[in-house]
Amino acid sequence: MGQYAIGLDLGGTNFRAAAVDREGKVIERIARPTHTLEGREAIVSGIVAALDELRRSCGGELAGIGVALAGFIQMDKGVILHSPNIPAFENFAARDEISRLLGEMLDDVQDRLARVSPWLGLLDRAGGRTDESICSFCL
């Protein structure tokens with residue numbers, strides 16, 4: 001397995017994640033409930049578990065991880081200022097928290113994506129959705 005990236009589309013009801021290679025081929029995808037009503041910790045825990053599952057399943061060299069959601073993000077800090085679908089993420093430093101919980105997984109990332117936008121097109125083909133209302137950040 002060569003280099004790949006993981007894209008995650010986070011919605012208020014469900015989230016979808018896909019691993020894609022440099023050519024845009026979907027290697028693997030998963031979908032899970034977001035558990036919005038269970039609060040921030042439950043949501044983040046589900047995201048981290050899904051990302052780790054994809055990483056373990058794919059092997060190879062993880063180039064980066066992109067997360068997309070509806071709302072406003074302070075890109076330079078990875079802070080979600082407002083998300084209409086996930087109120088528990090209001091003013092939440094999601095990038096830092098998810099990165100902290102992923103720990104070793106991100107230590108292995110050698111080529112972090114400078115921008116997630118090109119990968120979102122690949123995620124769209126994997127069953128996610130992309131439009132102007134989606135904001136994103138890279139881990």
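The questions below concern the terms and the values behind them.

Modeller: This is a predicted model, in which local features need pLDDT of at least 70 and side-chain atom pairs count only at pLDDT 80 or more, while totals for chains, interfaces and linings use all residues. Residues are numbered from 1 along each chain as its sequence is written, and side-chain values use heavy atoms, leaving out hydrogens and water.

Biologist: Why is strand β4 called mostly covered?

Modeller: Buried means under 20% relative accessible area, exposed over 50%, partly exposed in between (1.4 Å probe, protein chains only). In β4 (residues 61-70), nine of the ten residues are buried. Strands (E, at least two residues) and helices (H or I, at least four) are DSSP runs, numbered from the N terminus.

Biologist: How do you know that β1 pairs with β4?

Modeller: Two strands pair if DSSP finds at least two bridges between them. Eight bridges join β1 (residues 3-10) to β4, so they pair, and they run parallel. Leucine 10 has leucine 69 as its bridge partner in β4.

Biologist: What does threonine 36 touch?

Modeller: Contact means heavy atoms within 4.5 Å. Leaving out residues up to four places away in sequence, threonine 36 touches Gly12, Thr13, Ile43, Asn85, Ile86 and Pro87. Threonine 36 lies in the loop between β3 (26-33) and α1 (40-58).
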